[in-house]
Amino acid sequence: TGAQLLLRALIFRKLLERDILAPEERYVGVLLPPSAGGVLANVALPLAHRISVNLNYSASSAVMNSCIKQCGIRHVLTSRRVVQRMPHIQLDAELIFLEDFVAKVTKLDKLTAALLTYLVPAAWLDRLLKIDSISDDEVLTVLFTSGSTGEPKGVMLTHRNVGSNIKAINQTIHLTEKDLALGVLPFFHSYGYTATLWTMLALPPAGVYHFTPLEAQQVGELARKYRASILMITPTFLRSYLKRCEPEDFANLDVVFASAERLPPELADAFKAKFGVRPVEAYGATEMSPLVAVNIPPNRAGGYQGPTSKDGTVGRPIPGTQAKILHLETGEELGPDEPGMLWLTGPNVMKGYLNRPDLTAEKVRDGWYVTGDVAKLDRDGFITITGRESRFSKIGGEMVPHIKIEETIRQILGADEDQLTAVVTAVPDTRKGERLVVLHTAIEKSPEVIGRELAQAGLPNLWIPGADSFFEVEAIPVLGSGKVDLKAMKDLALERCGVIAGSH
């Protein structure tokens with residue numbers, strides 16, 4: 001319950017301040033999965049006026065140590081069970097095990113926390129803990145980007161950022177005490193941090209947690225046992241649940257949001273056919289706290305007039321968030337259904353990148369966040385994502401989309417949508433500016449055949465990679481989050497064709 005959580009968080013806060021943290025320590029690492037302990041740590045730290053930094057335990061020690069160094073973290077809160085699952089982890093900070101805290105709790109600690117929890121009015125407790133002195137603009141957490149294009153960047157999210165997102169979520173899907181959300185997304189991911197942690201703590205619904213979304217059967221059993229009504233997940237995990245869970249597991253699901261990657265309509269159809277609820281696509285970015293846009297299921301639309309959901313789109317901007325589309329080269333604002341760069345503004349725009357005012361200035365301009373996503377807005381305000389700026393090449397003066405080429409190659413090879421068989425990147429070229437490169441695993445068709453079939457599919461000649469630009473690799477490089485590692489992909493392409501990169 002809320003009271004039990006507060007009681008434990010107050011004890012935890014006391015132990016942290018008395019036994020672990022120095023007065024000047026601002027940033028504290030958290031290496032815990034979605035769990036009661038993970039929730040507790042993320043509640044206790046702001047009560048102690050500290051900033052939580054949930055570390056990506058699916059990343060390498062080098063990546064985590066980069067985050068630790070950027071924040072100046074001295075202590076990382078974790079558990080022995082977590083560390084046992086990562087025997088090769090080597091962190092440049094002191095590990096503090098939650099299990100060791102039990103022996104340090106005194107009777108006075110328990111009594112004091114109980115008095116504060118059950119007898120002291122909330123307003124008084126705010127003053128005692130100096131919660132009432134915290135500004136909306138103070139940083140609540142630092143979440144690191146996935147690093148798909150280089151070193152991870154620390155996104156500073158404030159109390160206002162996360163709070164505005166929670167308010168918008170509630171206004172969008174009208175949460176009640178009857179709702180229970182399944183929390184399986186990691187708290188190092190902004191989607192998990194805001195939507196499955198703080199939304200459950202700040203609003204009426206309950207939350208139930210499992211430490212990994214990968215264990216489909218256990219997730220299904222948890223959903224069935226606690227009658228979960230809300231699931232926030234990615235399409236990749238939806239595919240796994242579709243294969244491994246039983247219809248009765250998700251019999252009480254009322255809302256399923258799929259984000260972080262494109263939701264294919266056929267996946268949504270198949271999920272509804274089996275479980276009776278159709279997933280809808282949402283869109284977000286860590287820098288936007290994270291939710292930006294959402295398709296609203298009809299059963300949650302309330303009295304809204306007009307369409308609330310459209311297949312193929314990521315929905316409309318949430319309350320308080322505005323979107324506009326600017327021409328990729330001229331910066332001119334575009335009209336309906338014209339693709340260009342997606343810009344966003346609202347109370348959910350991050351405070352900035354930690355210690356990187358240069359990068360912040362690049363991405364946040366006059367209060368607008370430059371997403372890097374190429375998109376279009378229709379006349380009803382629905383957003384369709386068509387690609388990423390980093391997934392385009394400028395060849396012969398024309399913008400060439402990597403993702404469209406990848407999708408066509410995948411169709412030619414007969415690969416499933418979730419199979420990473422071939423990816424497209426580019427290397428510098430002295431004659432055309434850039435040269436398209438295809439990295440692929442073992443395939444049955446030759447580059448020459450693929451090139452001919454790309455032309456037959458209607459792709460312009462400029463979009464068709466040369467036969468000498470196909471390179472077989474053992475595996476497509478991916479991040480711990482499952483996304484393609486764009487930087488590693490680029491480096492691999494430069495390595496494979498570096499000798500001839502400027503000669504074609």
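This is a predicted model: local features need pLDDT of at least 70, side-chain atom pairs count only at pLDDT 80 or more; totals for chains, interfaces and linings use all residues.
Strand β3, which spans residues 75–78, has neighbours on either hand in the pairing scheme. Strand β1 (residues 27–30) runs parallel to β3 and is joined to it by two bridges. Within this pairing, Val 30 has Leu 77 of β3 as its bridge partner. Strand β4 (residues 94–97) also pairs with β3 in the parallel sense, here over four bridges, and Leu 77 stands opposite Ile 96 of β4. In a regular strand, side chains alternate between the two faces of the sheet. In β3, His 75 and Leu 77 point one way, while Val 76 and Thr 78 point the other way. All four of these residues are buried.

Apart from neighbours within four places in sequence, the contacts of Thr 158 are Asp 136, Asp 137, Glu 138, Val 139, Leu 140 and Lys 351.

Helix α1 extends over residues 2–20 and contains Ile 11. With a relative accessible area of 12%, Ile 11 is also buried. When neighbours within four places in sequence are set aside, Ile 11 is in contact with Val 105, Asp 109, Lys 110 and Ala 113. The C-alpha atom of Ile 11 is separated by 9.4 Å from that of Thr 106, although the two residues are 95 residues apart along the chain.

Helix α9 (residues 216–226) has a buried side and another side with exposed residues. The buried residues are Ala 216, Val 219, Gly 220, Leu 222 and Ala 223. These residues lie on the same side of α9 because they cover an arc of only 160 degrees around the axis. Gln 217 and Lys 225, on the other side of the helix, are exposed. The packing partners of the buried residues of α9 are β7 (180–183), β8 (206–209) and α10 (235–244). Just after the helix, Arg 227 adopts a positive phi of about 55 degrees.

The second largest pocket has a volume of about 1,500 Å³. Its lining comprises 45 residues, and Gly 2, Leu 5, Leu 6, Val 43 and Leu 201 are those nearest its centre. At least two lining residues come from each of α1, α2 (36–47), α5 (107–118), α6 (122–128), α7 (159–173), α8 (190–202) and β8. Helix α1 provides the largest share of this lining, with nine residues. By residue class, the lining of the second largest pocket consists of 34 nonpolar, eight polar and three charged residues.

The model also contains one cavity of 30 Å³ or more. The largest cavity holds about 140 Å³ of space and is lined by 13 residues. Ile 169, Tyr 191, Met 232, Phe 257 and Leu 291 lie nearest the centre of this cavity. Helices α7 and α8 and strand β12 (291–294) each supply at least two residues of its lining, and the largest share, four residues, comes from α7. The lining of the largest cavity includes ten nonpolar and three polar residues, but no charged ones.

Key
Residues are numbered from 1 along each chain as its sequence is written. Side-chain values use heavy atoms; hydrogens and water are left out. Contact means heavy atoms within 4.5 Å. Buried means under 20% relative accessible area, exposed over 50%, partly exposed in between (1.4 Å probe, protein chains only). The arc is that of the directions from the helix axis to the C-beta atoms. On a 1 Å grid over the protein atoms alone, a cavity is a set of points where a 1.4 Å probe fits but cannot get out, and a pocket is an open set with protein on both sides within 12 Å along at least five of seven lines; lining residues have an atom within 4 Å of a point. Grid points are joined across faces, edges and corners, and a volume is the space filled by probe spheres set on the points. Ala, Val, Leu, Ile, Met, Phe, Trp, Tyr, Cys and Pro count as nonpolar, Asp, Glu, Lys and Arg as charged, and the others, Gly among them, as polar. Two strands pair if DSSP finds at least two bridges between them.
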